[in-house]
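Hi,

Here is the model I promised to pass along.

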Amino acid sequence: MDDCSRGTIDDYDQDGDGSHPHIKIIYGKYVIDRNNRYILSKAKSAYVEFKDVGAVNSNEINYYYTRTFSQYEVMTERVFTNDKGNYILSRTSMDKKAIDKKWYYYIYNKSDIKKLPSSPEEFRKQFKMDKKAEQERLAEQAR
């Protein structure tokens, strides 16, 4: 799970990049190879985006999507712990000893999400959506 919803208002839209608080979750299966790498076969992912920090606090999402992956989409990753003791699933840096800071996911032992959802549909039910955004999502889904 990549949870970028825990920041302050100053953490988003830096230099006009248009970033927003979001949470992304990937579902799949993994195996650990003999080099202690995690091979994750992705099955589905779901993503929610919030308009701003206030929307995070009220659990109101602005954008939502899901994706189903083909059976061949896999990631070879390692698990690291950061200085705060969080587990991180990441590609490695060039020296193969550190996380690639451009691409990593936290693996949560505890989460603000009450129960880790077992499907994208269950993940979506944990949030509410403003009416206009919901109508746009339904129209896009109908196409």
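**The core**

The largest nonpolar core has 15 residues, and those with the most contacts inside it are I23, V48, F50, I61, Y64, F123 and F127. By nonpolar core I mean a set of buried Ala, Val, Leu, Ile, Met, Phe, Trp, Tyr and Cys residues joined through side-chain atoms within 4.5 Å. Buried is under 20% relative accessible area, exposed is over 50%, and partly exposed is in between (1.4 Å probe, protein chains only). At least two core residues come from each of β2 (22-32), β3 (38-49) and α1 (53-57), with β2 giving the most, three residues. Helices (H or I, at least four residues) and strands (E, at least two) are DSSP runs, numbered from the N terminus.

Before you go further: this is a predicted model, so local features need pLDDT of at least 70 and side-chain atom pairs count only at pLDDT 80 or more, while totals for chains, interfaces and linings use all residues. Residues are numbered from 1 along each chain as its sequence is written, and side-chain values use heavy atoms, with hydrogens and water left out.

Back to I61: leaving out residues up to four places away in sequence, I61 touches V48, E49, F50, R124, F127, K128, M129 and D130. Contact here is heavy atoms within 4.5 Å.

**Rings**

There are five aromatic pairs in the structure. One of them is F123 with F127: the ring centres are 5.5 Å apart and the planes sit at 70 degrees, so this pair is edge-to-face. For the cut-offs, rings of Phe, Tyr and Trp (its six-membered ring) pair if their centres lie within 6.5 Å, and planes under 30 degrees apart are stacked, over 60 edge-to-face and the rest tilted. F123 and F127 are both buried. Elsewhere, ring pairs tie Y47, Y63 and Y65 into a cluster.

There is also a charge to look at: R124 lies over the face of Y64, 5.5 Å from the ring centre. That label requires NZ of Lys or CZ of Arg within 6 Å of the ring centre and within 35 degrees of the ring normal.

**Strand β5**

Y63 is in β5 (residues 63-68) and is partly exposed at 34% relative accessibility. Not counting residues up to four places away in sequence, Y63 touches Y47, V48, E49, M129 and E140. Y63 and V48 are 15 residues apart in sequence but 5.7 Å apart in space, C-alpha to C-alpha.

Beyond its neighbours within four places in sequence, T66 is in contact with S45, A46 and P120. The C-alpha atoms of T66 and P120 are separated by 6.9 Å, although the two residues are 54 apart along the chain.

**Helix α3**

The twelve residues of α3 (residues 131-142) should span 16 Å at 1.5 Å a residue, and the end C-alpha atoms are 17 Å apart, which agrees. The expected span is 1.5 Å times one less than the number of residues. Which residues of α3 are buried? They are A133, E134 and R137. These cover an arc of only 100 degrees around the axis, which puts them on the same side of α3; the arc is that of the directions from the helix axis to the C-beta atoms. K131, K132, Q135 and A142, on the other side of α3, are exposed. The buried residues of α3 pack against β5, α2 (120-125) and β9 (128-129).

Cheers
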